[in-house]
Amino acid sequence: MSEPRFPAQPRVNRGFIYRISTIAALGGVLYGYDMGIIAAAALFVKRTFRLSTVMEEWVVSIVLIGAMIGAIVGGAVADRIGRRATLVWAAGIFILGSVLAPLSTGVAMLIVARAIIGIGIGFTSVTAPVYVSELAPPQSRGVLIGLYQFALTLGIALADFVGYWLAAQQAWRLMFGLAVVPTLFFLLVILTVPESPRWLFAHGSPQDAEAVLRSYTDNAGAQQFLADIEEGLKTPMEQSWSALWSPAVRGPLFIAVGLTVLQQVTGINTIIYYGPRIFELAGSASHASAIFATLLVAVVNVLATIVGIALVDRIGRKPLLYVGVSGMTIALFALSFSFSHNGALGASLGAVAIACLMVYITCFAFSLGAIAWILVAEVFPLRVRGRGVAAGTLFSGIANFAVSLTFLSLIDRLGSAGTFAIYGTLSIVTLVFVRFVVPETRGRELESISVPQG
(Lines give C-alpha, C1' and ligand atoms only; values in the text may rest on other atoms or scores of the structure.)
Protein backbone atom coordinates (compact mmCIF):
# COMPACT_ATOMS: atom_id res chain seq x y z
CA MET A 1 0.00 0.00 0.00
CA SER A 2 1.39 3.42 -0.95
CA GLU A 3 2.04 6.18 1.56
CA PRO A 4 -1.01 8.38 2.07
CA ARG A 5 -0.69 11.92 0.76
CA PHE A 6 -1.36 14.51 3.45
CA PRO A 7 -3.08 17.67 2.27
CA ALA A 8 -1.49 21.03 3.00
CA GLN A 9 -1.85 21.34 6.75
CA PRO A 10 -3.77 24.47 7.81
CA ARG A 11 -3.02 26.41 10.94
CA VAL A 12 -4.68 24.77 13.95
CA ASN A 13 -5.68 26.45 17.21
CA ARG A 14 -4.09 24.08 19.68
CA GLY A 15 -6.11 25.34 22.64
CA PHE A 16 -9.35 24.37 20.93
CA ILE A 17 -8.01 20.95 19.98
CA TYR A 18 -6.90 20.39 23.59
CA ARG A 19 -10.44 21.07 24.79
CA ILE A 20 -11.78 18.53 22.31
CA SER A 21 -9.16 16.08 23.52
CA THR A 22 -10.28 16.65 27.11
CA ILE A 23 -13.83 15.64 26.18
CA ALA A 24 -12.57 12.36 24.76
CA ALA A 25 -10.34 11.81 27.78
CA LEU A 26 -12.97 12.51 30.43
CA GLY A 27 -15.56 10.44 28.55
CA GLY A 28 -13.16 7.51 28.58
CA VAL A 29 -12.34 7.97 32.27
CA LEU A 30 -16.05 7.88 33.13
CA TYR A 31 -16.54 4.69 31.11
CA GLY A 32 -13.50 2.95 32.56
CA TYR A 33 -14.17 4.00 36.16
CA ASP A 34 -17.82 2.98 36.18
CA MET A 35 -17.01 -0.37 34.53
CA GLY A 36 -14.02 -1.08 36.77
CA ILE A 37 -15.20 0.06 40.20
CA ILE A 38 -17.76 -2.74 40.52
CA ALA A 39 -14.98 -5.32 40.94
CA ALA A 40 -14.12 -3.90 44.38
CA ALA A 41 -17.53 -2.47 45.33
CA ALA A 42 -19.42 -5.73 44.70
CA LEU A 43 -17.62 -7.43 47.59
CA PHE A 44 -19.16 -4.99 50.07
CA VAL A 45 -22.50 -4.48 48.29
CA LYS A 46 -23.06 -8.22 48.60
CA ARG A 47 -22.56 -8.04 52.37
CA THR A 48 -24.67 -4.89 52.83
CA PHE A 49 -27.71 -6.20 50.97
CA ARG A 50 -27.06 -9.93 51.57
CA LEU A 51 -27.18 -10.63 47.85
CA SER A 52 -27.64 -14.02 46.29
CA THR A 53 -25.28 -15.00 43.49
CA VAL A 54 -27.95 -14.20 40.89
CA MET A 55 -28.60 -10.73 42.31
CA GLU A 56 -24.87 -10.04 42.50
CA GLU A 57 -24.59 -10.93 38.81
CA TRP A 58 -27.39 -8.48 38.03
CA VAL A 59 -25.67 -5.67 39.95
CA VAL A 60 -22.47 -6.32 37.99
CA SER A 61 -23.91 -6.92 34.52
CA ILE A 62 -26.78 -4.42 34.40
CA VAL A 63 -24.32 -1.70 33.31
CA LEU A 64 -23.65 -3.62 30.08
CA ILE A 65 -27.37 -3.87 29.36
CA GLY A 66 -27.76 -0.14 30.04
CA ALA A 67 -24.79 0.59 27.77
CA MET A 68 -26.38 -1.36 24.92
CA ILE A 69 -29.63 0.57 25.33
CA GLY A 70 -27.67 3.81 25.52
CA ALA A 71 -25.77 2.94 22.36
CA ILE A 72 -28.96 2.30 20.38
CA VAL A 73 -30.68 5.46 21.61
CA GLY A 74 -27.54 7.60 21.69
CA GLY A 75 -26.68 7.07 18.03
CA ALA A 76 -30.11 8.24 16.90
CA VAL A 77 -30.07 11.15 19.35
CA ALA A 78 -26.60 12.27 18.19
CA ASP A 79 -27.77 12.33 14.57
CA ARG A 80 -30.98 14.18 15.45
CA ILE A 81 -30.07 16.83 18.05
CA GLY A 82 -26.30 17.04 17.56
CA ARG A 83 -23.09 15.63 19.01
CA ARG A 84 -22.54 18.34 21.64
CA ALA A 85 -26.13 18.31 22.92
CA THR A 86 -26.02 14.51 23.21
CA LEU A 87 -22.85 14.72 25.30
CA VAL A 88 -24.55 17.22 27.61
CA TRP A 89 -27.39 14.73 28.08
CA ALA A 90 -24.83 11.98 28.71
CA ALA A 91 -23.21 14.03 31.48
CA GLY A 92 -26.60 14.58 33.12
CA ILE A 93 -27.36 10.85 32.96
CA PHE A 94 -23.96 10.03 34.51
CA ILE A 95 -24.56 12.49 37.36
CA LEU A 96 -28.02 11.07 38.07
CA GLY A 97 -26.74 7.49 38.22
CA SER A 98 -23.65 8.40 40.23
CA VAL A 99 -25.78 10.16 42.85
CA LEU A 100 -28.44 7.45 43.06
CA ALA A 101 -25.95 4.57 43.47
CA PRO A 102 -24.43 5.67 46.81
CA LEU A 103 -27.88 6.67 48.10
CA SER A 104 -29.34 3.23 47.38
CA THR A 105 -31.42 1.83 50.23
CA GLY A 106 -31.88 -1.54 48.56
CA VAL A 107 -30.61 -3.68 45.72
CA ALA A 108 -33.44 -2.67 43.38
CA MET A 109 -32.48 1.01 43.65
CA LEU A 110 -28.82 0.14 43.09
CA ILE A 111 -29.66 -1.89 39.98
CA VAL A 112 -31.66 1.04 38.60
CA ALA A 113 -28.76 3.42 39.34
CA ARG A 114 -26.26 1.12 37.64
CA ALA A 115 -28.56 0.80 34.61
CA ILE A 116 -28.73 4.61 34.36
CA ILE A 117 -24.94 4.78 34.51
CA GLY A 118 -24.83 2.19 31.70
CA ILE A 119 -27.09 4.38 29.54
CA GLY A 120 -24.68 7.27 30.11
CA ILE A 121 -21.81 5.00 29.06
CA GLY A 122 -23.68 4.07 25.89
CA PHE A 123 -24.38 7.71 25.01
CA THR A 124 -20.77 8.73 25.60
CA SER A 125 -19.09 5.77 23.89
CA VAL A 126 -21.14 6.40 20.74
CA THR A 127 -20.91 10.18 20.61
CA ALA A 128 -17.51 11.22 21.98
CA PRO A 129 -15.39 9.42 19.32
CA VAL A 130 -17.68 10.69 16.54
CA TYR A 131 -17.54 14.26 17.84
CA VAL A 132 -13.76 14.21 18.08
CA SER A 133 -13.36 12.57 14.66
CA GLU A 134 -15.48 15.30 13.04
CA LEU A 135 -13.46 18.15 14.60
CA ALA A 136 -9.91 16.75 14.48
CA PRO A 137 -7.50 17.55 11.63
CA PRO A 138 -6.71 14.40 9.58
CA GLN A 139 -3.03 14.37 10.59
CA SER A 140 -3.90 14.08 14.31
CA ARG A 141 -7.34 12.44 14.23
CA GLY A 142 -6.08 9.00 15.28
CA VAL A 143 -4.29 10.39 18.33
CA LEU A 144 -7.28 12.47 19.42
CA ILE A 145 -9.82 9.65 19.04
CA GLY A 146 -7.35 7.23 20.63
CA LEU A 147 -7.30 9.40 23.73
CA TYR A 148 -10.75 8.01 24.52
CA GLN A 149 -9.41 4.46 24.71
CA PHE A 150 -6.36 5.60 26.66
CA ALA A 151 -8.58 7.40 29.16
CA LEU A 152 -10.79 4.31 29.43
CA THR A 153 -7.77 2.27 30.54
CA LEU A 154 -6.82 5.09 32.91
CA GLY A 155 -10.35 4.98 34.35
CA ILE A 156 -10.04 1.24 34.99
CA ALA A 157 -6.69 1.75 36.72
CA LEU A 158 -8.18 4.60 38.76
CA ALA A 159 -11.08 2.36 39.79
CA ASP A 160 -8.65 -0.38 40.87
CA PHE A 161 -6.70 2.15 42.93
CA VAL A 162 -9.82 3.65 44.55
CA GLY A 163 -11.14 0.18 45.32
CA TYR A 164 -7.86 -0.75 46.99
CA TRP A 165 -7.73 2.58 48.86
CA LEU A 166 -11.29 2.34 50.25
CA ALA A 167 -11.43 -1.42 50.78
CA ALA A 168 -10.34 -1.21 54.42
CA GLN A 169 -13.31 1.07 55.16
CA GLN A 170 -15.67 -1.05 53.00
CA ALA A 171 -16.82 2.33 51.61
CA TRP A 172 -18.63 1.10 48.52
CA ARG A 173 -20.99 4.10 48.51
CA LEU A 174 -18.05 6.49 48.25
CA MET A 175 -16.53 4.29 45.51
CA PHE A 176 -19.63 4.89 43.38
CA GLY A 177 -20.12 8.52 44.41
CA LEU A 178 -16.62 9.66 43.43
CA ALA A 179 -17.63 9.26 39.77
CA VAL A 180 -19.50 12.58 40.10
CA VAL A 181 -16.20 14.51 40.20
CA PRO A 182 -14.92 13.71 36.66
CA THR A 183 -18.51 13.94 35.36
CA LEU A 184 -18.78 17.57 36.49
CA PHE A 185 -15.48 18.40 34.75
CA PHE A 186 -16.78 16.60 31.64
CA LEU A 187 -19.94 18.74 31.62
CA LEU A 188 -18.03 21.99 32.15
CA VAL A 189 -15.71 21.30 29.22
CA ILE A 190 -18.59 20.37 26.91
CA LEU A 191 -20.26 23.71 27.66
CA THR A 192 -17.17 25.55 26.34
CA VAL A 193 -17.08 23.94 22.87
CA PRO A 194 -19.34 24.26 19.79
CA GLU A 195 -21.33 21.75 17.83
CA SER A 196 -19.60 19.59 15.19
CA PRO A 197 -19.22 21.60 11.96
CA ARG A 198 -20.03 18.52 9.90
CA TRP A 199 -23.30 18.05 11.79
CA LEU A 200 -24.15 21.75 11.47
CA PHE A 201 -23.55 21.73 7.72
CA ALA A 202 -25.63 18.58 7.32
CA HIS A 203 -28.52 20.23 9.16
CA GLY A 204 -28.68 23.39 7.10
CA SER A 205 -26.32 25.72 9.01
CA PRO A 206 -23.30 26.19 6.72
CA GLN A 207 -22.52 29.63 8.16
CA ASP A 208 -22.36 28.22 11.68
CA ALA A 209 -20.22 25.33 10.43
CA GLU A 210 -17.80 27.77 8.80
CA ALA A 211 -17.65 29.84 11.99
CA VAL A 212 -16.69 26.76 14.00
CA LEU A 213 -13.98 25.84 11.51
CA ARG A 214 -12.57 29.37 11.51
CA SER A 215 -12.28 29.17 15.30
CA TYR A 216 -9.49 26.60 15.04
CA THR A 217 -8.08 26.83 11.51
CA ASP A 218 -7.23 29.53 8.97
CA ASN A 219 -9.46 30.71 6.11
CA ALA A 220 -7.92 28.37 3.55
CA GLY A 221 -8.25 25.44 5.91
CA ALA A 222 -11.88 26.28 6.66
CA GLN A 223 -12.72 26.41 2.96
CA GLN A 224 -10.89 23.14 2.36
CA PHE A 225 -12.81 21.38 5.15
CA LEU A 226 -16.12 22.88 3.99
CA ALA A 227 -15.53 21.60 0.46
CA ASP A 228 -14.79 18.10 1.81
CA ILE A 229 -17.92 18.18 3.99
CA GLU A 230 -20.08 19.38 1.11
CA GLU A 231 -18.74 16.59 -1.08
CA GLY A 232 -19.49 14.04 1.62
CA LEU A 233 -23.03 15.37 2.04
CA LYS A 234 -24.16 15.00 -1.54
CA THR A 235 -26.14 12.12 -0.08
CA PRO A 236 -28.48 13.49 2.66
CA MET A 237 -28.42 12.46 6.33
CA GLU A 238 -30.32 9.24 7.01
CA GLN A 239 -32.84 9.03 9.85
CA SER A 240 -33.51 5.30 9.63
CA TRP A 241 -31.58 2.34 11.02
CA SER A 242 -32.29 0.48 7.77
CA ALA A 243 -29.83 2.84 6.07
CA LEU A 244 -27.02 0.85 7.69
CA TRP A 245 -27.94 -2.04 5.42
CA SER A 246 -27.77 -0.03 2.20
CA PRO A 247 -25.12 -1.28 -0.27
CA ALA A 248 -22.87 1.74 0.32
CA VAL A 249 -22.81 1.25 4.10
CA ARG A 250 -22.67 -2.54 4.44
CA GLY A 251 -18.89 -2.55 4.10
CA PRO A 252 -18.26 0.01 6.87
CA LEU A 253 -20.88 -1.75 9.03
CA PHE A 254 -19.08 -5.08 8.58
CA ILE A 255 -15.78 -3.47 9.53
CA ALA A 256 -17.22 -1.78 12.63
CA VAL A 257 -19.19 -4.76 13.93
CA GLY A 258 -16.43 -7.22 13.08
CA LEU A 259 -13.70 -5.23 14.81
CA THR A 260 -15.70 -4.47 17.96
CA VAL A 261 -16.86 -8.07 18.34
CA LEU A 262 -13.38 -9.50 17.72
CA GLN A 263 -11.97 -6.99 20.20
CA GLN A 264 -14.15 -8.60 22.88
CA VAL A 265 -14.10 -12.30 21.96
CA THR A 266 -10.30 -12.45 21.98
CA GLY A 267 -10.65 -12.36 25.77
CA ILE A 268 -9.70 -8.89 27.01
CA ASN A 269 -12.52 -8.50 29.54
CA THR A 270 -11.86 -11.87 31.11
CA ILE A 271 -8.71 -10.21 32.51
CA ILE A 272 -10.45 -6.97 33.49
CA TYR A 273 -13.41 -8.67 35.22
CA TYR A 274 -11.78 -11.91 36.39
CA GLY A 275 -8.11 -10.94 36.70
CA PRO A 276 -7.67 -12.11 40.31
CA ARG A 277 -9.31 -15.47 39.50
CA ILE A 278 -6.99 -16.02 36.51
CA PHE A 279 -3.91 -15.18 38.55
CA GLU A 280 -5.05 -17.57 41.28
CA LEU A 281 -5.46 -20.31 38.66
CA ALA A 282 -1.92 -19.50 37.56
CA GLY A 283 -0.57 -20.05 41.05
CA SER A 284 -0.71 -16.72 42.92
CA ALA A 285 -0.07 -17.45 46.57
CA SER A 286 -2.84 -15.27 48.03
CA HIS A 287 -5.80 -13.03 47.23
CA ALA A 288 -3.61 -10.01 47.94
CA SER A 289 -0.98 -11.03 45.40
CA ALA A 290 -3.68 -11.76 42.81
CA ILE A 291 -5.23 -8.30 43.33
CA PHE A 292 -1.80 -6.69 43.08
CA ALA A 293 -1.14 -8.54 39.79
CA THR A 294 -4.49 -7.31 38.45
CA LEU A 295 -3.58 -3.72 39.35
CA LEU A 296 -0.23 -4.21 37.59
CA VAL A 297 -2.09 -5.37 34.47
CA ALA A 298 -4.18 -2.18 34.58
CA VAL A 299 -1.01 -0.06 34.72
CA VAL A 300 0.56 -1.99 31.82
CA ASN A 301 -2.69 -1.49 29.90
CA VAL A 302 -2.43 2.28 30.34
CA LEU A 303 1.24 2.48 29.33
CA ALA A 304 0.85 0.30 26.24
CA THR A 305 -2.19 2.31 25.13
CA ILE A 306 -0.01 5.44 25.22
CA VAL A 307 2.40 3.69 22.84
CA GLY A 308 -0.43 2.80 20.45
CA ILE A 309 -1.81 6.33 20.42
CA ALA A 310 1.65 7.81 19.84
CA LEU A 311 2.25 5.55 16.83
CA VAL A 312 -1.20 5.33 15.20
CA ASP A 313 -0.80 8.45 13.05
CA ARG A 314 2.89 7.81 12.39
CA ILE A 315 2.96 4.24 11.10
CA GLY A 316 -0.72 3.56 10.49
CA ARG A 317 -3.58 1.47 11.83
CA LYS A 318 -2.93 -1.83 10.07
CA PRO A 319 0.78 -2.25 10.92
CA LEU A 320 -0.03 -1.84 14.62
CA LEU A 321 -2.89 -4.32 14.31
CA TYR A 322 -0.67 -6.89 12.59
CA VAL A 323 2.03 -6.68 15.26
CA GLY A 324 -0.33 -6.46 18.23
CA VAL A 325 -2.77 -9.19 17.28
CA SER A 326 0.12 -11.51 16.36
CA GLY A 327 1.57 -10.94 19.82
CA MET A 328 -1.83 -11.61 21.41
CA THR A 329 -2.12 -14.88 19.48
CA ILE A 330 1.32 -16.11 20.55
CA ALA A 331 0.70 -15.13 24.18
CA LEU A 332 -2.70 -16.87 24.34
CA PHE A 333 -1.42 -20.15 22.86
CA ALA A 334 1.63 -20.00 25.14
CA LEU A 335 -0.72 -19.49 28.08
CA SER A 336 -2.84 -22.43 26.96
CA PHE A 337 0.29 -24.58 26.62
CA SER A 338 1.51 -23.60 30.09
CA PHE A 339 -1.81 -24.55 31.69
CA SER A 340 -1.88 -27.88 29.83
CA HIS A 341 1.61 -28.71 31.14
CA ASN A 342 1.15 -27.42 34.66
CA GLY A 343 2.48 -30.66 36.11
CA ALA A 344 5.76 -30.33 34.25
CA LEU A 345 6.10 -26.62 34.94
CA GLY A 346 5.30 -26.96 38.62
CA ALA A 347 6.01 -23.84 40.62
CA SER A 348 7.13 -21.96 37.52
CA LEU A 349 3.61 -22.09 36.03
CA GLY A 350 2.64 -18.91 37.83
CA ALA A 351 5.59 -16.93 36.47
CA VAL A 352 5.08 -18.24 32.91
CA ALA A 353 1.34 -17.54 32.95
CA ILE A 354 1.76 -14.06 34.37
CA ALA A 355 4.39 -13.26 31.73
CA CYS A 356 2.02 -14.47 28.99
CA LEU A 357 -0.81 -12.33 30.34
CA MET A 358 1.43 -9.27 30.49
CA VAL A 359 2.48 -9.80 26.86
CA TYR A 360 -1.17 -10.29 25.89
CA ILE A 361 -2.42 -7.12 27.60
CA THR A 362 0.47 -5.09 26.18
CA CYS A 363 -0.17 -6.24 22.62
CA PHE A 364 -3.93 -5.74 22.95
CA ALA A 365 -3.57 -2.24 24.38
CA PHE A 366 -1.44 -0.79 21.56
CA SER A 367 -3.38 -2.55 18.79
CA LEU A 368 -7.02 -3.64 19.09
CA GLY A 369 -7.57 -1.64 22.25
CA ALA A 370 -6.27 1.65 20.87
CA ILE A 371 -7.30 1.31 17.22
CA ALA A 372 -10.68 -0.46 16.97
CA TRP A 373 -12.70 2.56 18.07
CA ILE A 374 -10.59 4.92 15.96
CA LEU A 375 -11.52 2.93 12.86
CA VAL A 376 -15.18 2.64 13.87
CA ALA A 377 -15.40 6.43 14.16
CA GLU A 378 -13.70 6.87 10.77
CA VAL A 379 -15.19 4.38 8.32
CA PHE A 380 -18.87 5.43 8.18
CA PRO A 381 -20.22 8.10 5.82
CA LEU A 382 -21.34 11.23 7.68
CA ARG A 383 -25.00 10.62 6.88
CA VAL A 384 -25.06 7.47 9.06
CA ARG A 385 -22.03 7.97 11.29
CA GLY A 386 -23.92 8.29 14.58
CA ARG A 387 -26.00 5.19 13.98
CA GLY A 388 -23.00 3.32 12.59
CA VAL A 389 -20.91 3.87 15.69
CA ALA A 390 -23.97 2.98 17.78
CA ALA A 391 -24.20 -0.35 15.95
CA GLY A 392 -20.53 -1.07 16.67
CA THR A 393 -21.03 -0.16 20.33
CA LEU A 394 -24.14 -2.33 20.57
CA PHE A 395 -22.43 -5.44 19.19
CA SER A 396 -19.39 -4.74 21.35
CA GLY A 397 -21.66 -4.76 24.39
CA ILE A 398 -23.34 -7.99 23.33
CA ALA A 399 -19.97 -9.68 22.80
CA ASN A 400 -18.66 -8.29 26.10
CA PHE A 401 -21.70 -9.62 27.94
CA ALA A 402 -21.40 -13.04 26.29
CA VAL A 403 -17.69 -13.40 27.13
CA SER A 404 -18.19 -12.25 30.71
CA LEU A 405 -21.10 -14.62 31.18
CA THR A 406 -19.35 -17.70 29.76
CA PHE A 407 -15.74 -17.40 30.96
CA LEU A 408 -16.08 -19.26 34.26
CA SER A 409 -18.29 -21.90 32.66
CA LEU A 410 -15.67 -22.48 29.95
CA ILE A 411 -12.98 -22.84 32.62
CA ASP A 412 -15.13 -25.44 34.42
CA ARG A 413 -15.93 -27.43 31.25
CA LEU A 414 -12.80 -27.09 29.10
CA GLY A 415 -10.17 -26.14 31.64
CA SER A 416 -7.88 -23.13 31.48
CA ALA A 417 -5.86 -24.56 28.57
CA GLY A 418 -8.89 -25.14 26.36
CA THR A 419 -10.43 -21.77 27.19
CA PHE A 420 -7.36 -19.74 26.28
CA ALA A 421 -6.84 -21.86 23.14
CA ILE A 422 -10.30 -20.69 22.00
CA TYR A 423 -9.32 -17.06 22.51
CA GLY A 424 -6.05 -17.71 20.65
CA THR A 425 -7.95 -19.20 17.70
CA LEU A 426 -10.22 -16.15 17.61
CA SER A 427 -7.10 -13.96 17.52
CA ILE A 428 -6.05 -15.78 14.32
CA VAL A 429 -9.50 -14.98 12.92
CA THR A 430 -8.87 -11.34 13.85
CA LEU A 431 -5.60 -11.31 11.89
CA VAL A 432 -7.38 -12.62 8.80
CA PHE A 433 -10.10 -9.98 9.25
CA VAL A 434 -7.51 -7.19 9.50
CA ARG A 435 -5.70 -8.42 6.39
CA PHE A 436 -8.68 -8.73 4.08
CA VAL A 437 -11.35 -6.36 5.47
CA VAL A 438 -9.88 -3.46 7.47
CA PRO A 439 -8.80 -0.35 5.50
CA GLU A 440 -5.80 1.86 6.24
CA THR A 441 -7.20 5.30 7.13
CA ARG A 442 -4.08 7.16 8.24
CA GLY A 443 -3.97 10.76 7.01
CA ARG A 444 -7.15 10.54 4.94
CA GLU A 445 -10.14 12.90 5.09
CA LEU A 446 -13.20 11.23 6.62
CA GLU A 447 -15.17 11.75 3.41
CA SER A 448 -12.53 9.91 1.34
CA ILE A 449 -12.31 6.73 3.41
CA SER A 450 -13.72 3.65 1.70
CA VAL A 451 -13.58 -0.12 2.08
CA PRO A 452 -10.38 -1.51 0.53
CA GLN A 453 -10.57 -4.01 -2.28
CA GLY A 454 -8.41 -6.93 -1.09
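Which residues touch the most other members of the largest nonpolar core?

1. This is a predicted model, in which local features need pLDDT of at least 70 and side-chain atom pairs count only at pLDDT 80 or more, while totals for chains, interfaces and linings use all residues. Residues are numbered from 1 along each chain as its sequence is written, and side-chain values use heavy atoms, with hydrogens and water left out.

2. In the largest nonpolar core, which has 62 residues, Phe380 and Phe420 touch the most other members; such a core is a set of buried Ala, Val, Leu, Ile, Met, Phe, Trp, Tyr and Cys residues joined through side-chain atoms within 4.5 Å, buried being under 20% relative accessible area with a 1.4 Å probe and protein chains only. Among the elements that give two or more residues to this core are α5, α12 (247–265), α17 (349–379) and α18, and α17 gives the most, with 17 residues.

3. Leaving aside residues up to four places away in sequence, Phe420 touches Ile278, Leu332, Leu335, Ser336, Phe339 and Phe407, where contact means heavy atoms within 4.5 Å. Another core, of 39 residues, lies apart from the largest one and has Leu30, Val63, Leu87 and Ala222 among its members.

4. Ser125, Val126, Val130, Ser133 and Glu134 in α5 meet Arg385, Gly386, Val389, Ala390 and Thr393 in α18.

Note on methods
Helix = DSSP H or I, 4+ residues; strand = E, 2+ residues; numbered from the N terminus. Buried < 20%, exposed > 50% of the residue type's maximum accessible area, 1.4 Å probe, protein only.
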